[in-house]
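Thanks, everyone, for making the time this morning.

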Amino acid sequence: MQTTSPTNNGFLCVPLRASAPLREIRLLSCVFIAAFTLTAQTGSGEKATISATPAAVTASKEDPAAVDRGSKIFAGHCASCHGATAKGITGKGVDLVRSLYVLDDEKGILLTPPIRDGRPDKGMPKSGLTDAEILDVAAWLRVQSYGAGHRTTYTFLDVLTGDAKKGEAYFNGAGKCNTCHSPTGDLKGLGSRYTPQQLQGRWLSPTGRGGAGGRGAAAATGPSRSQKTVVVTLANGQTVSGTLDRVDDFNVTLHDASGAFRSFTRDNGIPKVAVTDPLKIHIDMLRTYTDADMHNMTAYLVTLK
Amino acid sequence: MNKQAFSYAAAAAAILLSVNVTPASAQGVTKEMLLHPSSDTWPSFFGDYSGRRFSALKEINSTNVGNLSLEWAARYTPGPAGTAVNIKSPALLVNGILYFTSPNNGWAADARTGREIWHYAYPPNTGNTNGNRGFGYYGNWLYMETPDGNLVCLNAADGKERWKIRITDPKLDYTTTAAPIVVGNHILVGVGGDHLDNPGFIESVDPETGATQWKTNTTPRKGEPGIETWPDEYAAAHATGQTWIPGSYDPDLNLYYLGTGNPNPVMAEQSRKGDNLFTCSILAINPDTGKIVWYYQATPHDTHDWDSTESVIMIDGQIDGKPRKLVAQANRNGYFYVLDRTNGEHILTTPMLEGMNWNLGLNAKGQPIPDPAKYPKPDGSLVFPNSGGATNWASASFDPETDLFYVGVAKGWSVYYQTDTDDHPEGYGGVDSGAGSEGGSLLAIDYRTGKITWKHDWPAGGGAAHMLTTAGHLLFTGNGNNIIAFDPSNGKILWHSGLMGTPSNGMTTYMLDGRQHLLVGAGDSLYSFALNHPVK
């Protein structure tokens with residue numbers, strides 16, 4: 001997937017179709033993903049997995065109550081062989097997440113026979129469950145498969161592994177963040193506006209929040225601090241400047257100081273166009289961060305309440 | 001071929017078709033035509049087997065390209081499946097008729113006007129519709145994959161379905177978007193999809209019946225070579241390595257050069273330690289048997305979704321003054337590779353982007369050594385480039401007259417998050433989240449050294465884009481909504497035209513009625529260009 005979308009920070013950006021593979025160029029759609037904790041779902045202290053997040057339950061359009069009942073039945077009757085997340089246990093029970101019985105199931109039609117009757121000769125006992133209970137387990141199993149295959153439903157794990165003190169030192173030192181920002185000024189309250197993962201994306205590559213087109217929490221008042229400006233130098237040496245609308249090799253458009261729309265044809269770099277992007281510093285700085293710098297900074301910025 | 005006679009026949013065929021009679025003269029696509037396509041055809045995905053997308057035509061050339069003008073534009077509407085039309089397929093041209101696809105839809109249109117001759121509309125289904133990359137054409141038959149995992153064979157004369165066969169189970173979330181490629185008596189069918197750790201494969205089917213001739217897995221099974229690069233057979237069998245972009249073919253060596261996709265689980269590598277053969281590789285396959293004759297893995301143990309499915313381009317070139325049979329690939333992982341195509345011997349690997357941060361350098365075989373510190377992590381690792389890669393599936397081009405290889409690159413950053421830390425992860429196992437872009441460029445690479453001879457930085461956006469070169473000393477590509485002609489030796493812009501959308505397919509060129517045409521698709525429309533005042 002391409003990250004040409006200018007508005008993807010603080011958001012999870014995925015291809016427009018949730019089921020589309022990551023590998024192709026296509027439109028991105030960006031959605032907020034709430035940070036669900038997985039242990040709340042599985043109720044066990046096991047390692048984090050991608051299975052059956054609340055987001056997956058919603059997106060799969062299964063009945064949440066049935067899924068919830070099914071999860072308990074599965075834990076009690078099936079997990080000992082198929083694993084808590086139905087991915088299978090070698091030598092005991094097969095992976096059900098990738099089982100065609102689950103993937104192809106509709107309304108329990110495919111799943112009911114093996115669950116009701118078992119396969120006693122192959123190590124799968126009769127479940128003894130009622131028809132209604134089987135339908136609940138089937139709903140829960142379908143969510144497992146859905147969740148595995150749909151990235152939009154994944155849950156971010158612990159993003160706050162950094163050292164806030166080191167992040168603060170970097171903010172005021174090597175990062176020179178304090179030359180443009182203040183923790184008690186423009187960045188005040190930052191930590192309460194985003195999840196840690198969103199915040200990490202947000203500060204790495206902000207997309208601007210003030211003025212026209214700004215996106216984010218409390219829209220700032222006054223002129224946007226992230227607006228690109230442009231100076232167009234015509235063949236006769238005259239210059240026209242203003243806020244950039246768009247530019248390519250053949251055309252540049254802007255709004256001048258009076259607010260008027262101006263459009264110029266370009267031909268092999270003439271007229272000359274000089275764009276100033278207040279956010280370019282953020283892109284340029286990407287090459288300077290270590291992952292530790294990044295995690296420390298995020299840990300610091302979440303403290304700005 | 002005698003062009004006059006040919007265009008007469010094509011014109012006659014078009015007249016016959018307009019009154020709905022199958023032209024008796026249509027011989028369709030022959031083996032000979034695929035081996036030596038004439039200038040008035042574009043019979044396969046890349047136009048010819050070399051994959052280089054270079055045309056010997058020069059009526060449109062660097063001195064007159066300024067007169068290149070629109071002849072027609074035509075828009076196509078989808079059938080009952082309702083999938084919005086997005087033409088990613090090159091429009092094949094045979095006997096003056098264009099054949100192209102969009103998911104769930106295929107068309108034949110008159111190359112002289114763009115008017116639809118027939119429309120094949122696939123019924124509504126729940127398959128993945130992110131793309132369809134076109135028809136394969138052999139004899140009088142067209143071959144097309146459908147979103148729900150089938151291959152259909154259509155009569156080129158009227159678009160009527162001849163047969164339909166199952167390639168994959170759509171519920172397993174394979175994507176079936178690839179353009180079938182015809183080699184000899186084989187229809188080579190590839191698949192995509194890395195949602196649920198499905199086995200990757202390439203299948204050869206019989207052109208007449210659709211019966212499987214052979215099927216080759218792209219990852220090894222028990223006892224097969226390469227299994228030692230996996231912790232266990234289970235991991236290898238669920239590792240994808242898909243085959244969603246066609247390869248090139250050397251008839252003298254009888255080898256089909258195919259790039260394979262990334263391993264699964266995509267961003268959670270803990271259950272697949274090792275190099276993970278034959279994912280992210282270039283495979284040389286015997287098209288008669290399906291046997292992998294040699295391989296070269298461009299990205300060992302990928303964790304960033306960098307398929308190696310980009311064009312594998314054959315170059316008959318010189319290395320150190322000696323003639324060599326080569327293949328070259330500009331890879332999604334940011335490196336440019338040149339190999340000896342007779343045996344897979346590595347010749348060079350060079351970076352296309354500066355400052356890539358995901359590996360620890362190259363090993364003796366020119367393979368990047370992945371840096372475990374830059375695997376996707378629960379708290380995120382900042383990686384350049386992003387998962388869309390330095391480049392992507394859009395076709396590159398090689399111009400034998402400039403000796404330069406042209407490719408579009410994007411300079412995006414991502415934070416890669418691992419979301420599945422289980423011992424047995426499944427699916428993607430992680431996501432990457434965009435962290436900004438330094439923009440995109442068009443690169444002209446000298447294949448002998450891997451050095452960038454010139455580049456053009458786009459003022460905004462840009463990245464992977466289709467390329468076409470011609471003997472008219474022209475390089476065509478797209479940026480924004482523009483189709484653009486460059487001087488291929490120095491990157492000077494010579495011509496452009498604004499379209500109603502972003503060029504979305506590989507542009508093609510051919511002779512029609514004695515004049516050279518340039519055809520490009522953008523979204524739901526095709527655009528045909530020719531010189532205002534053709535040189536007589």
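Chain A is divided into three parts, with domain 1 covering 2-153, domain 2 made up of 164-199 together with 288-301, and domain 3 covering 227-277. Please keep in mind throughout that this is a predicted model. Between domain 2 of chain A and domain 3 of chain A, the C-alpha centres are 34 Å apart. As for its secondary structure, chain A has 12 helices and 7 strands, and 48% of its 305 residues count as buried. If we take the contacts in chain A between residues at least 6 apart in sequence, 51% of them join residues at least 24 apart.

Let me turn to the way the two chains meet. On the side of chain B, 82 residues are in contact with 58 residues of chain A, and the two chains bury about 5600 Å² between them, with 50% of that on carbon and sulfur atoms. Which three residues supply more than any others of the area that chain B buries against chain A? They are B:D379, B:T419 and B:E426, which supply 11% of that area. There are also 6 salt bridges across the interface of chain B and chain A; a salt bridge is formed between B:D197 and A:R98, for instance, where the closest N and O atoms are 2.6 Å apart.

One element that I would like you to look at in this context is helix α12 of chain A, residues 291-301, which is mostly covered, with 10 of its 11 residues buried. Among those buried residues are A:M294, A:H295 and A:Y300. The cover over the buried residues of α12(A) includes, from chain A, α8 (164-172), α9 (190-193) and α10 (196-204), and, from chain B, β25 (381-383) and β27 (404-418).

Next, the nonpolar cores. The largest has 108 residues, and the residues with the most contacts inside it are B:L98 and B:Y99. Helix α7 of chain A, residues 131-149, gives this core its largest share, 8 residues. A second, separate core has 70 residues and includes A:M294, B:I313, B:M356 and B:F398. Going back to B:Y99, and leaving aside residues up to four places away in sequence, its neighbours include B:W107, B:W118, B:F135 and B:Y137.

I will finish with strands in chain B. Why is strand β19 of chain B, residues 313-319, largely enclosed by the rest of the structure? In β19(B), 5 of the 7 residues are buried, and the strand is therefore largely enclosed. B:I319 has B:K322 as its bridge partner in β20(B), and the two strands form a hairpin with 2 residues between them, where B:D320 in the turn has a positive phi of about 50°.

Elsewhere in chain B, 5 strands form an open sheet with mixed pairing, in the order β1-β30-β31-β32-β33. At its edges stand β1 (54-55) and β33 (493-498) of chain B, each with a single partner strand, so that one side of each has no neighbour in the sheet. Within this sheet, strand β31 (474-479) and strand β32 (482-486) of chain B run antiparallel and are joined by 5 bridges, and the bridge partner of B:G478 in β32(B) is B:I483.

Notes:
Residues numbered from 1 in each chain as written. Chains lettered and ligands numbered in written order. Predicted model: local features only at pLDDT ≥ 70, side-chain atom pairs only at ≥ 80, totals over all residues. Heavy atoms only, no water. Domains from an automatic or database assignment. Buried < 20%, exposed > 50% of the residue type's maximum accessible area, 1.4 Å probe, protein only. Helix = DSSP H or I, 4+ residues; strand = E, 2+ residues; numbered from the N terminus. Pairing = 2+ DSSP bridges. Core = buried A, V, L, I, M, F, W, Y, C linked by side-chain atoms within 4.5 Å. Contact = heavy atoms within 4.5 Å. Buried area = accessible area lost by both parts, 1.4 Å probe. Salt bridge = Lys/Arg side-chain N within 4 Å of Asp/Glu carboxyl O.
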